[in-house]
Amino acid sequence: MASQSQKYLQIIAYAMIIAIFVFAISITRNCGRLPFVPKEGFSEGDTLDIALVYGPGSFYMYGDSLAGINQEIALNFSHQTGVPVKLWPLNEAASGFEKLEAGAFDILASLPLDNYIKNRFPVSESVFLDRLVLIQLADSAGNKAVNSSLDLNGRSVFVAPGSSAINRLSNLSEEIGGKIEIIEADGLSDELLCLQVASAEIPLAVVNERIAKALAKNYPLLNYDTSVSFTQFQVWVFNPSDSIVAINFNEWFDSFRISDSYRKIIDKY
């Protein structure tokens with residue numbers, strides 16, 4: 001009888017252990033999930049959802065505050081036209097295109113104008129100018145591995161997903177008659193690519209000059225003096241199913257770009 005009682009207690013103990021184990025797994029899984037997924041965009045009424053691509057100068061966090069050319073233009077647009085806006089930080093542009101086409105965002109700001117954008121979306125006039133540059137580490141004497149685009153033959157270059165640098169490097173590969181390996185770094189913005197080059201995690205990357213110039217102030221060995229494109233127009237990109245937003249913005253921007261407010265923003269950044 002005693003042995004049967006012990007076996008019975010062991011069975012109960014095993015059952016309790018299994019039950020606790022299953023419960024623990026369930027709790028662990030549920031703790032890894034948010035009770036809800038926060039929405040991005042799709043604001044109701046007249047509110048415009050503007051996705052701002054993260055990067056020094058164009059849009060960035062300064063302490064607990066937002067700053068940048070695109071952020072200030074967006075606020076001026078809202079203030080002067082009376083149209084409410086909601087700003088959504090965006091780490092890289094590739095996901096922004098999908099959400100723009102899906103209607104989650106009304107505007108994506110800002111990107112260098114290229115044929116991909118021009119053929120798929122309504123765009124603004126140029127809000128400011130920029131160009132693509134190669135970033136790399138130089139030594140204390142200023143020596144670097146790549147001195148011209150010809151030196152890129154056989155090298156690997158990192159770019160942000162969806163960047164206009166992809167097409168430019170593809171064309172450059174043909175121009176120099178060599179092979180440039182283009183690596184799209186998932187989830188990395190131009191700014192993060194700069195930081196990875198500065199910390200020697202990756203050797204070469206192509207980013208917008210404005211971003212490289214801003215970060216080089218804190219990383220003196222970060223070299224960006226090798227350009228890979230001509231000066232580019234930075235534009236705001238609009239939801240293709242709502243051309244009215246693009247028309248209204250461009251009409252407003254025509255007058256805003258000759259104002260003192262616009263010149264102060266450009267001079268500031």
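This note goes through the sheet, the pocket, a salt bridge and the backbone exceptions of a predicted model.

1. Basis. The model is predicted, with local features needing pLDDT of at least 70 and side-chain atom pairs counting only at pLDDT 80 or more, while totals for chains, interfaces and linings use all residues. Residues are numbered from 1 along each chain as its sequence is written, and side-chain values use heavy atoms, with hydrogens and water left out.

2. Sheet. Five strands form an open sheet with mixed pairing, in the order β4-β1-β5-β12-β6. Its edge strands, β4 (85-90) and β6, each pair on one side only. From one strand to the next the twist averages 35°. Strands are DSSP runs of E of at least two residues and helices are runs of H or I of at least four, numbered from the N terminus; two strands pair if DSSP finds at least two bridges between them.

3. Strands β1 and β4. Strand β1 (residues 48-53) pairs with β4 in the parallel sense over six bridges. Val53 has Leu90 of β4 as its bridge partner.

4. Helix on the sheet. Helix α2 (residues 69-81) lies across β1, β4, β5, β6 and β12 (232-238), and runs at about 170° to β4. Contact means heavy atoms within 4.5 Å; axes are lines fitted to C-alpha atoms, for helices over the stretch in contact, and angles run from 0 to 180 degrees between N-to-C directions.

5. The largest pocket has a volume of about 440 Å³. Of its 31 lining residues, Ala93, Leu111, Pro112, Ser163 and Asn208 are the closest to the centre. A pocket is an open set of points on a 1 Å grid over the protein atoms alone, where a 1.4 Å probe fits, with protein on both sides within 12 Å along at least five of seven lines; lining residues have an atom within 4 Å of a point. The volume is the space filled by probe spheres set on the points, which are joined across faces, edges and corners.

6. Lining. Strand β5 gives the largest share, three residues.

7. Salt bridges. There are seven (side-chain nitrogen of Lys or Arg within 4 Å of a carboxyl oxygen of Asp or Glu). In one, Arg257 and Glu125 have their closest N and O atoms 2.5 Å apart. These two residues are 132 residues apart, Arg257 in the loop between α8 (243-256) and α9 (260-268), Glu125 in the loop between α4 and β6.

8. Backbone. The peptide bond between Ala109 and Ser110 is cis, with omega about -20°; Ser110 is in strand β5. Phe42 has a positive phi of about 55°.
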